[in-house]
Amino acid sequence: MGRSRRTLPEELLLLALDPTTGTTAQPQSLDLGLAGAQLVELALAGRIAPDGDRIAVVLPRPTGDPTLDSALELLRRRGSPVRAVHWIGGPRLGLRQTYLTHLERCGMVHAVSSQMCGVLPTTRYQATDNVVSREIKARLDSAIRTGVPPDPRTAALAALAHAVGLGKHLYPGNEGRSSRSRLRDLIRHDPMGGLVAHAVMDVQNGVAAQPRRTAPGRAGAGAPGGAGGPGGRSVARASAPPQLPGQARRGGMARAGVR
């Protein structure tokens, strides 16, 4: 896998980076989205494939990207397909910082040291060239505006952006409402992106411990075709299990993505 194109985790992070504050929007859910973006990127590279609501390694050969290859090796060691929601819900401490550091090495962002409340040291990241971020967003804008089915990469990026709650960051206010709705609808154009995006939303909503049920008359509906909002369950998805009061999270998912 060459480095001529940016990976989905990199693009998602650049979309989330606020050019004014140097911080990332939706930082907690963004960590989940980055883990999901790794899965989609590995699928686009032909290394993994969906198996119902699970992820199976079909080609364990390294991609050449160290961060993706680390994820691929962890998936390979599982020995059997793993549910996407369990993978995304696992501990992801440091993933966002890993990609920020990578973007800094590539010269796409630069770190700015400052102090929070004049006391606590903190680091913010400013894009060195906002043209790249504008190009990424322009792909989403084009898909939203034209209604033409986007390529799988753009569709997956839209699905992940919606799943982690970047809609209001990218298309704010009442004037952005229709664009946010269309961003959500793009989720249906890429099965892998849809599967991962729904898994991200399931983790956020605490329903990851339950296997997805298939509604009567919807056999084989494992590939999501609807859309949903983080924390809102606005997905028109008959197969989504209800959230149970006090539902226990397993596999360390209560700590997923929170740093």
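Reply: Two residues are in contact, or touch, when heavy atoms of theirs lie within 4.5 Å. The model examined here is predicted.

Me: Which residues does Leu 39 touch, not counting residues up to four places away in sequence?

Reply: Leu 39 belongs to the largest nonpolar core, which has 61 residues, and is named with Ile 88 and Leu 166 as touching the most other members. With residues up to four places away in sequence set aside, the partners of Leu 39 are Ile 48, Ile 55, Leu 75, Trp 87, Ile 88, Met 192 and Val 196.

Me: Which elements give two or more residues to the largest nonpolar core?

Reply: In soluble globular proteins, nonpolar side chains tend to be buried together. The core in question holds 61 residues. Those elements that give two or more residues to this core are helix 1 (8-16), helix 2, helix 3, helix 4 (84-89), helix 5 (95-105), helix 6, helix 7 and helix 10 (191-204).

Me: How is helix 2 oriented relative to helix 3?

Reply: The axes of helix 2 (residues 27-44) and helix 3 (residues 66-78) come within 10 Å and cross at roughly 90°. Angles of 65 to 115 degrees count as roughly perpendicular. Therefore helix 2 is, relative to helix 3, roughly perpendicular.

Me: How do the residues of the contact of helix 2 with helix 3 divide into nonpolar, polar and charged?

Reply: Helix 2 contributes Gln 38, Leu 39, Glu 41 and Leu 42, which meet Thr 67, Leu 68, Ala 71, Leu 72 and Leu 75 of helix 3. By class, the residues of this contact are six nonpolar, two polar and one charged.

Me: Is Leu 103 buried or exposed?

Reply: Leu 103 lies in helix 5 and touches Glu 10, Leu 13, Leu 14, Met 108 and Val 109, not counting residues up to four places away in sequence. A residue is buried under 20% relative accessible area. Because the relative accessible area of Leu 103 is 1%, Leu 103 is buried.

Me: Why do the buried residues of helix 9 line one face of the helix?

Reply: The buried residues of helix 9 (residues 177-185) are Ser 179, Arg 180 and Leu 183. They line one face because, seen down the helix axis, they fall within an arc of 100°.

Me: What percentage of the residues of the protein count as buried?

Reply: The protein contains ten helices and five strands. Of its 259 residues, the percentage that count as buried is 47%.

How values were computed: Residues are numbered from 1 along each chain as its sequence is written. This is a predicted model: local features need pLDDT of at least 70, side-chain atom pairs count only at pLDDT 80 or more; totals for chains, interfaces and linings use all residues. Side-chain values use heavy atoms; hydrogens and water are left out. Buried means under 20% relative accessible area, exposed over 50%, partly exposed in between (1.4 Å probe, protein chains only). Helices (H or I, at least four residues) and strands (E, at least two) are DSSP runs, numbered from the N terminus. The arc is that of the directions from the helix axis to the C-beta atoms. Axes are lines fitted to C-alpha atoms, for helices over the stretch in contact, and angles run from 0 to 180 degrees between N-to-C directions. Angles under 35 degrees count as roughly parallel, over 145 as roughly antiparallel, 65 to 115 as roughly perpendicular and the rest as oblique. Ala, Val, Leu, Ile, Met, Phe, Trp, Tyr, Cys and Pro count as nonpolar, Asp, Glu, Lys and Arg as charged, and the others, Gly among them, as polar. A nonpolar core is a set of buried Ala, Val, Leu, Ile, Met, Phe, Trp, Tyr and Cys residues joined through side-chain atoms within 4.5 Å.
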